[in-house]
Amino acid sequence: MADRAAELPRTRGNLFVVSGPSGSGKNSILALVRQSLPDLTYSISATTRAPRRNEVDGVHYSFMTKDEFDEKLRGNGFLEHAEYCGHSYGTPRAFVEEKLSAGKDVIMDIEIRGADQVRLAMPEAVFIFLMPPSIEELANRIRRRGTESAEAVEQRLKKATEEIPSVFRYDYVVLNQNLEEAAARVRAIILAERSRVAKCDCASFICSMTKQNNPF
Ligand code: 5GP
């Protein structure tokens, strides 16, 4: 159900970093969350991997050649970047900083080494880990997707078992047993974080409400 939540003013937007092994359901969960919170801005990553069928350049990813990616990297154009199963992935820095400065909340879907870099650069960000119900289910989901070669599936499963213990560095963990339930939980986390006093500009709200100068 899409609705526009009533929000207090904010001086800066919240950054939500979502990670989880390949096949943990990140894309489907984020699609539901974004549908229910249309004011959330999605950070479109750059990648050197080839588009899957149905993936659109500039919507799902900015698809780049390795040369284009490396040039952007040399220009300090990425907030974080990592190699994943033989391809480069990175978060364009300017877009995220612009949105956060404008008070907009940003959500990004990145792997754990990228999340570690964001944690260093922006410790105030909120880190959410999507946990698959089991390795078997993860394997089924990747195979069912049918977008990866048998070799790439094996590589992603190996990566998943390495990635799962990183959960301890995250603020929240959401088990993706059921898609709708997991999406509802991620949405609840976002709404709770938006309600933190420290993250709202309560002073200017009270001033406009009481028509007084700032006593705080
Ligand atoms: P996929 O190829 O399945 O779309 O993504 C592979 C992995 O790369 C996923 O774990 C996804 O979260 C991660 N990923 C996507 N975009 C970025 C990014 O900008 N930076 C980093 N570090 N990882 C990313």
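Guide: Helices are DSSP runs of H or I with at least four residues, strands are E runs of at least two, and both are numbered from the N terminus. Val-126 lies in strand 8. This is a predicted model in which local features need pLDDT of at least 70 and side-chain atom pairs count only at pLDDT 80 or more, while totals for chains, interfaces and linings use all residues. Residues are numbered from 1 along each chain as its sequence is written, and side-chain values use heavy atoms, with hydrogens and water left out.

Visitor: Why is Val-126 called buried?

Guide: Buried means under 20% relative accessible area, exposed means over 50%, and partly exposed is in between (1.4 Å probe, protein chains only). Val-126 has a relative accessible area of 3%, so it counts as buried.

Visitor: What does Val-126 touch?

Guide: Contact means heavy atoms within 4.5 Å. Not counting residues up to four places away in sequence, Val-126 touches Leu-15, Phe-16, Val-17, Asp-171, Tyr-172, Ile-189, Glu-193 and Lys-199. Phe-78 is 48 residues from Val-126 in sequence and 19 Å from it in space, C-alpha to C-alpha.

Visitor: Is Leu-40 buried or exposed, and how do you know?

Guide: The relative accessibility of Leu-40 is 7%, and therefore Leu-40 is buried. Its place is in the loop between helix 1 (26–36) and strand 2 (41–42). With residues up to four places away in sequence set aside, Leu-40 touches Phe-16, Val-33, Asp-105, Ile-107, Ile-190 and Arg-194.

Visitor: Which class does Glu-124 fall into, and why?

Guide: Glu-124 has a relative accessible area of 45%, so it is partly exposed. It is found in the loop between helix 4 (112–121) and strand 8. Beyond four places in sequence, Glu-124 touches Arg-12 and Lys-199.

Visitor: What is Ser-101 in contact with?

Guide: Ser-101 is found in helix 3 (residues 93–101). Leaving aside neighbours within four places in sequence, Ser-101 is in contact with Thr-11 and Arg-12. Its C-alpha and that of Gly-13 are separated by 6.6 Å, at 88 residues apart along the chain.

Visitor: What makes Phe-129 and Tyr-170 an aromatic pair, and which geometry do they have?

Guide: Rings of Phe, Tyr and Trp (its six-membered ring) pair if their centres lie within 6.5 Å; planes under 30 degrees apart count as stacked, over 60 as edge-to-face and the rest as tilted. The structure holds six such pairs. For Phe-129 and Tyr-170 the values are 5.2 Å centre to centre and 75° between the planes, so the pair is edge-to-face. Phe-129 is in strand 8 (residues 126–131) and Tyr-170 in the loop between helix 6 and strand 9 (172–175), 41 residues apart. Both Phe-129 and Tyr-170 are buried. Elsewhere, ring pairs link Tyr-61, Phe-63, Tyr-84 and Tyr-89 into a cluster.

Visitor: How do helix 5 and helix 6 cross, and at roughly what angle?

Guide: Axes are lines fitted to C-alpha atoms, for helices over the stretch in contact, and angles run from 0 to 180 degrees between N-to-C directions. The axes of helix 5 (residues 135–145) and helix 6 (residues 150–163) come within 10 Å and cross at roughly 150°. The contact of helix 5 with helix 6 has seven nonpolar residues (Ala, Val, Leu, Ile, Met, Phe, Trp, Tyr, Cys and Pro count as such), four charged (Asp, Glu, Lys and Arg) and one polar (the others, Gly among them). On the helix 5 side these include Ile-135 and Leu-138, and on the helix 6 side Val-153 and Leu-157.

Visitor: What stands out about phi of Cys-85?

Guide: Most residues other than glycine have a negative phi. Phi of Cys-85 is near 45°, a positive value. Cys-85 lies in the loop between strand 5 and strand 6 (87–92), and at 17% relative accessibility Cys-85 counts as buried. Asn-76 also has a positive phi, near 60°, and is found in the loop between helix 2 (66–74) and strand 5 (78–84).
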